[in-house]
Amino acid sequence: MRNQCVKVVYLTDELARKTAEMLNSFAMARPAEGVVYWFGIESATSAVVTSLMVPDAETGAGYLRTSVQANAEVVSRIAGTRLVYIGQAHSHPGVNVEHSETDDVDTFACFDGVISVVVPWFGRYGFHLNDCGVYRHVGGQFRQIRNVDQHIQILPSFTDLRDGR
Amino acid sequence: MSVPVEVSLAAVRAELVAAADYAAAAGLQIDADPVAGDEPRFYVTLVNRDSEQFCAEFNCAEYPMFPPNVEFVSPDRSEKGTARLYPQGFHTTPCVCMRYNRKAYGERGGPHSDWRLLDWRLPTGNGVGIDSLALMISDLHSKILQSSGRMA
């Protein structure tokens with residue numbers, strides 16, 4: 001699936017790692033799913049994630065909710081910046097990375113182009129796109145995508161090319 | 001170099017508060033009676049998706065310099081480390097092949113010669129370090145909850 005108006009989302013490996021770390025932080029005291037919102041800068045063909053935001057979500061084993069107030073707080077934090085909402089990542093307890101019905105309906109800011117990534121094992125083993133479920137809101141609903149690299153790509157955040165390092 | 005048992009006991013007692021909170025939140029049974037009796041060892045009963053029970057022993061001698069030795073034992077603790085005591089999904093040695101298990105290391109006879117015991121708190125890949133007793137319980141819990149049946 002590739003929609004002409006759907007922009008490729010770019011995320012650095014460092015922000016991917018931090019996303020997984022934040023997701024895992026929800027599961028430190030109890031087996032709870034977590035969520036991280038991605039904000040960034042858009043162009044006509046791409047969207048670059050620059051900023052992560054962790055909402056004050058209500059979470060537990062098998063569920064995740066963000067209240068209107070929690071999301072309003074998120075929006076208030078980006079007001080006045082150039083940042084736009086690009087999508088979110090949320091975690092599941094095990095290997096299953098399917099979007100639930102709740103994920104389809106209750107995910108914050110459902111509009112076309114938004115990306116939603118489900119990370120297995122509470123994010124504890126990192127952010128590996130091959131292990132994640134990747135969904136795009138297209139035509140009024142979230143759809144699982146198979147050609148992942150046409151929708152999201154991880155970029156290196158740092159490279160040191162000096163000899164011997 | 002060995003860690004005095006008092007040091008391990010103090011570390012385990014300090015971490016058991018969070019570990020017990022996690023176990024309670026996850027509905028797991030934790031038996032820390034040996035710690036009260038001055039042994040750095042406790043047990044957690046976990047269930048797989050078929051509601052079969054598995055009892056994991058965390059032997060924390062020399063903790064926190066080295067990770068615990070995590071082993072499955074029979075409910076009466078008379079049998080230890082046999083395949084039939086393990087849930088499906090673990091290394092068939094049998095072994096919980098994670099950095100937080102001393103048994104997994106090559107230098108202790110385990111399958112991972114590529115890990116060093118002193119680095120046990122490091123993350124694997126680009127994940128997070130599973131470096132507390134609460135996180136170890138959480139990790140075992142989520143893995144076993146996904147599995148079905150016994151190794152043998």
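Author: The largest nonpolar core has 36 residues, and those with the most contacts inside it are A:Val9, A:Leu23, A:Ile86, A:Val117 and A:Val119. A nonpolar core here is a set of buried Ala, Val, Leu, Ile, Met, Phe, Trp, Tyr and Cys residues joined through C-beta atoms within 7 Å. A residue is buried if 20 or more other C-beta atoms lie within 10 Å of its own, exposed if 12 or fewer, and partly exposed in between, with C-beta atoms placed from the backbone.

Two or more residues of this core come from each of these elements of chain A: strand 1 (8-12), helix 1 (13-25), strand 2 (35-42), strand 3 (46-53), strand 6 (84-91), strand 7 (115-119) and strand 8 (133-138). Strand 2 of chain A gives the most, with five residues. Helices (H or I, at least four residues) and strands (E, at least two) are DSSP runs, numbered from the N terminus.

The model is predicted: local features need pLDDT of at least 70, side-chain atom pairs count only at pLDDT 80 or more, and totals for chains, interfaces and linings use all residues. Residues are numbered from 1 along each chain as its sequence is written, while chains are lettered from A and ligands numbered from 1 in the order in which they are written.

Leaving aside its neighbours within four places in sequence, A:Leu23 is in contact (C-beta atoms, placed from the backbone, within 7 Å) with A:Gly34, A:Val36, A:Ala89, A:Ser91, A:Val119, A:Phe122 and A:Gly123.

Let us turn to strand 6 of chain A. Seven of its eight residues are buried, so strand 6 of chain A is largely enclosed by the rest of the structure. Strand 6 pairs with strand 2 of chain A in the antiparallel sense over six bridges; two strands pair if DSSP finds at least two bridges between them. Within this pairing, A:Tyr37 has A:Gln88 of strand 6 as its bridge partner. Strand 6 also pairs with strand 7 of chain A, in the parallel sense and over five bridges, and A:Ser91 stands opposite A:Val119 of strand 7.

From strand 6 the chain crosses through helix 3 (residues 101-106) of chain A to strand 7, a right-handed β-α-β crossover.

Methods: Two residues are in contact if their C-beta atoms, placed from the backbone, lie within 7 Å. A crossover is right-handed if, with the strands pointing away from the viewer, the path from the first strand over the helix to the second runs clockwise.
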